[in-house]
Amino acid sequence: MKTKTLPKRLEAVEAFLSRLEKAKALLREGRVEPLGGSLYLVQGSRPYLVDLEEASCTCPDWGRGHACKHLMAAYLHEKEKKPKEKRVEVRV
Ligand SMILES: [Zn+2]
């Protein structure tokens with residue numbers, strides 16, 4: 001079966017979802033290191049510095065008008081820090 005070209009907006013959704021998955025993986029693998037304040041060091045293919053307050057990242061993907069996976073990973077980490085009941089994801 002041939003793959004149909006996705007409408008532009010769906011392409012954006014696809015790209016977003018795939019980045020989100022990568023961000024979750026970074027977090028799961030312990031590649032997100034809080035440096036204090038709003039700063040995070042995220043180990044991607046190289047280490048990148050994320051500043052949540054500025055919503056910025058030092059990777060090349062950043063600045064193309066979207067949130068990169070490093071920023072997402074740091075943000076997810078930040079959200080998980082909030083004192084809530086810790087949930088463990090179990091996949092069978
Ligand atoms: Zn980045």
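## Helix packing

In this predicted model, the crossing of helices α1 and α2 is right-handed. Helix α1 covers residues 8-28, and its axis comes within 8 Å of the axis of α2, the two crossing at roughly 55°.

On the α1 side, the contact is made by R19, L20, K22, A23, K24, L26 and L27, which meet K69, M72, A73, L76 and H77 of α2. Sorted by residue class, the contact of α1 with α2 comprises 7 nonpolar, 1 polar and 4 charged residues.

## The sheet

The strands, 4 in number, form an open sheet in which the order is β1-β2-β3-β4 and the pairing is antiparallel. Strands β1 (32-36) and β4 (56-57) stand at the edges, and because each has a single partner strand, one side of each is left without a neighbour in the sheet.

Within this arrangement, β2, made up of residues 39-43, pairs with β3, made up of residues 47-51, in the antiparallel sense and over 5 bridges. In this pairing, Q43 stands opposite P47, a residue of β3.

## Helix against sheet

Helix α2, which spans residues 69-81, lies across β1, β2, β3 and β4, and its direction is at about 120° to β2.

Technical notes: Residues are numbered from 1 along each chain as its sequence is written. This is a predicted model: local features need pLDDT of at least 70, side-chain atom pairs count only at pLDDT 80 or more; totals for chains, interfaces and linings use all residues. Two strands pair if DSSP finds at least two bridges between them. Two residues are in contact if their C-beta atoms, placed from the backbone, lie within 7 Å. Axes are lines fitted to C-alpha atoms, for helices over the stretch in contact, and angles run from 0 to 180 degrees between N-to-C directions. A crossing is left-handed if the near helix is turned anticlockwise from the far one by less than a right angle, and right-handed if clockwise. Ala, Val, Leu, Ile, Met, Phe, Trp, Tyr, Cys and Pro count as nonpolar, Asp, Glu, Lys and Arg as charged, and the others, Gly among them, as polar.
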